[in-house]
Each structure stands twice: as C-alpha cells, then as structure tokens.
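Welcome! Have a look at it first, and then read on.

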Amino acid sequence: MKSVSLTAFRDSMGSYIKQVHAAGRPILVTCGDPRSNIVVMSAHDYENLMENLYVLSNEYLSRKIDRGLAQTREGKLQIHELVEVESD
C-alpha cells in the first residue's frame with residue numbers, strides 16, 4: 001500500500017484522492033503516532049470491505065458459502081436459465 005505523510009496528503013489532497021480512484025488502491029496517511037495513521041479508500045471499496053466482513057463473520061452465510069464451494073469442487077452443479085422479470 002502506498003503511504004504518504006499527513007503533511008504531504010494535506011498539501012495535495014485532491015491529487016491523492018484522484019490517485020485512489022484511478023488506481024483503485026487505498027493510501028496510508030501516516031502521522032507522528034502510528035496509532036493515528038489513517039487509510040484513504042473509495043467509498044465503493046469500503047462498502048465492499050464491510051460487506052465481506054459481515055458475510056465472513058456470519059456463521060450461517062460462511063457455512064452456506066463453504067457448502068457451495070464444496071459442491072462446486074465435487075462437480076455438483078446445476079445450470080439454470082435466467083428469467084427476466086418485468087418491473088411495474
């Protein structure tokens with residue numbers, strides 16, 4: 001992960017935010033105290049991260065994913081046709 005000092009980030013904030021969006025990678029903004037460091041990332045990436053954490057921390061969903069992966073490895077797949085639903 002790219003890192004930049006708080007001073008440099010503050011001086012060129014717009015440029016760094018554009019880099020985050022263009023590269024799709026977060027930037028670590030470092031401060032004098034490492035406990036005060038922050039990570040700058042796109043809202044979209046943050047929402048994906050939170051959703052992944054939720055799914056992985058939910059025992060029911062984790063078991064369901066594991067079961068699906070095991071079925072895939074065993075070749076137990078079913079092909080379904082998609083049905084388009086017209087909206088009102």
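Let's begin where two helices meet: helix α3 (residues 43-57) packs against helix α4 (residues 59-73) at an angle of about 85 degrees, and their axes lie 5 Å apart. Please keep in mind that this is a predicted model.

**How α3 and α4 meet**
- An angle from 65 to 115 degrees counts as roughly perpendicular, and α3 and α4 are therefore roughly perpendicular to each other.
- On the α3 side, the contact is made by Tyr 54, Val 55, Leu 56 and Ser 57, which meet Glu 59, Leu 61, Ser 62 and Ile 65 of α4.

**A closer look at Ser 62**
- You will find Ser 62 in helix α4.
- Ser 62 has a relative accessibility of 17%, so it counts as buried, the cut-off being under 20%.
- Leaving aside residues up to four places away in sequence, Ser 62 touches Val 55 and Leu 56.
- The Ser 62 side chain also reaches the backbone oxygen of Val 55, at 3.3 Å.

**The chain as a whole**
- The protein chain contains four helices and three strands, and along the sequence they follow the pattern β-α-α-β-β-α-α.
- The radius of gyration of the protein chain is 21 Å, whereas a compact globule of 88 residues would have one near 12 Å.
- Along the principal axes, the C-alpha atoms fill a box of roughly 55 × 35 × 25 Å.
- Of the 88 residues in the protein chain, 12% are buried.
- Among contacts between residues at least 6 apart in sequence, 32% join residues at least 24 apart.

Key: Residues numbered from 1 in each chain as written. Predicted model: local features only at pLDDT ≥ 70, side-chain atom pairs only at ≥ 80, totals over all residues. Heavy atoms only, no water. Axes fitted to C-alpha atoms, helices over the stretch in contact; angles between N-to-C directions. Parallel < 35°, antiparallel > 145°, perpendicular 65-115°, else oblique. Contact = heavy atoms within 4.5 Å. Buried < 20%, exposed > 50% of the residue type's maximum accessible area, 1.4 Å probe, protein only. Polar contact = N/O pair within 3.5 Å; in protein donor to acceptor, adjacent residues only side chain to side chain. Rg over C-alpha atoms; globule rule 2.2 N^0.38 Å.
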